[in-house]
Amino acid sequence: MVCIAHQYLFLHPDFSFPKLNTVSLSLLKFFTLVTAIGATKKLALSFRKMREAPGEKIVVVPPLLRKEVVGTTPRKGNYLHGYLLNSGFSEEVKDWHAAHPDVPMHFFWDKKGAAETTCIDDNLSFHQLNDVRFIHYMAGAKAYATTAGFESVCEAMYLDKPVLMVSTHIEQVCNAYDASLSGAGTVAERFDLDALLHLSENHSSNPTFRHWVQQADWLILREFREDLLMEEVPSSLWHRLSMHWVYRIAKTFSI
């Protein structure tokens, strides 16, 4: 069994954690270990290249991004883009918009019962989650605000968008801190869109990230091929030899 997820990076001896409660951090690591009981290998998705950790059976590999993201051409528009894991954060966005009505914004949320698109006015819209539309707005945004989920931060980095990360639980706190070390953007305790605007004007993207992501297919498949060579090829060879002798015996008795 091979396990693959970003969370296995938390078990890597070189992973840097933010300042966290010791008990909470221990529980996070324990839960991560439990999910990989019996694994031959753990593939840890990472924002950047790191050494292997054989003692922990960890191999660090690039993020797995959707082909729709990899095939998208980014462009720099004039609006802010965002994803609200909790629709309650929309009040923070509305408050900021009231003070900055001239800044266009497109945010995505999961508010039950809301229309496909809720237009507050000409410059603020909330959209229900939709993969195609989300990527479209990401590609043309000036900057991106999110609740620090690993995948969407990677998508923003790949499309060269600076990110404001607002964490809602301990795993996202670790994601956000790690992403900031890789040049994704900045970490905040609330949707401080002033900081995001400032970031969009002063951010320097990580030039190595896109190249790292583009190596994902062969770096990940390589790990599975090594296992196949060690475990399945001998049995396949034994199967061919067995069938050879079955054919020989059958031919002998048929004469």
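Is Ile37 buried or exposed? Select Ile37 and colour it: the residue is exposed, because its relative accessible area is 63%, and exposed means over 50%, buried under 20% and partly exposed in between, with a 1.4 Å probe and protein chains only.

Before going on, note that this is a predicted model, in which local features need pLDDT of at least 70, side-chain atom pairs count only at pLDDT 80 or more, and totals for chains, interfaces and linings use all residues. Residues are numbered from 1 along each chain as its sequence is written, and side-chain values use heavy atoms, with hydrogens and water left out.

**Stop 1: the whole protein**

Show the cartoon. The protein has 9 helices and 10 strands; these are DSSP runs numbered from the N terminus, with helices being H or I of at least four residues and strands E of at least two. Of the 255 residues, 43% are buried. The exposed surface comes to about 14,000 Å², and carbon and sulfur atoms supply 57% of it. Accessible areas come from the Shrake-Rupley method with a 1.4 Å probe, and for residues only the protein chains shown count as cover. Among contacts (heavy atoms within 4.5 Å) with a separation of 6 or more, 64% join residues 24 or more positions apart.

**Stop 2**

Return to Ile37, in the loop between α1 (22-34) and β2 (41-45).

**Stop 3: aromatic rings**

How many aromatic pairs does a search of the whole structure find? The search finds 11. Rings of Phe, Tyr and Trp (its six-membered ring) pair if their centres lie within 6.5 Å; planes under 30 degrees apart count as stacked, over 60 as edge-to-face and the rest as tilted. One of the pairs is Phe15 and Phe17, edge-to-face at 4.7 Å centre to centre with 75 degrees between the planes. Phe15 counts as buried, at 8% relative accessibility.

Next select Phe108 and Phe134, another edge-to-face pair, at 5.3 Å centre to centre and 75 degrees between the planes. Phe108 lies in strand β5 (residues 105-109) and Phe134 in helix α4 (residues 131-139), so the pair ties together parts that are 26 residues apart in sequence. Both Phe108 and Phe134 are buried.

**Stop 4: Arg210**

Select Arg210, in helix α8 (residues 209-214). Arg210 lies over the face of Tyr158, 4.0 Å from the ring centre; a charge sits over a ring if NZ of Lys or CZ of Arg is within 6 Å of the ring centre and within 35 degrees of the ring normal. Leaving aside neighbours within four places in sequence, Arg210 is in contact with Pro74, Tyr158 and Leu159. Arg210 counts as partly exposed, at 30% relative accessibility.

**Stop 5: two positive phi values**

Lys57, in the loop between β2 and β3 (58-61), is not a glycine but has a positive phi, near 60 degrees. Ala148 is also not a glycine and has a positive phi of about 70 degrees; select it in the loop between β8 (143-146) and α5 (150-158). Lys57 counts as partly exposed at 45% relative accessibility, whereas Ala148 counts as buried at 1%.
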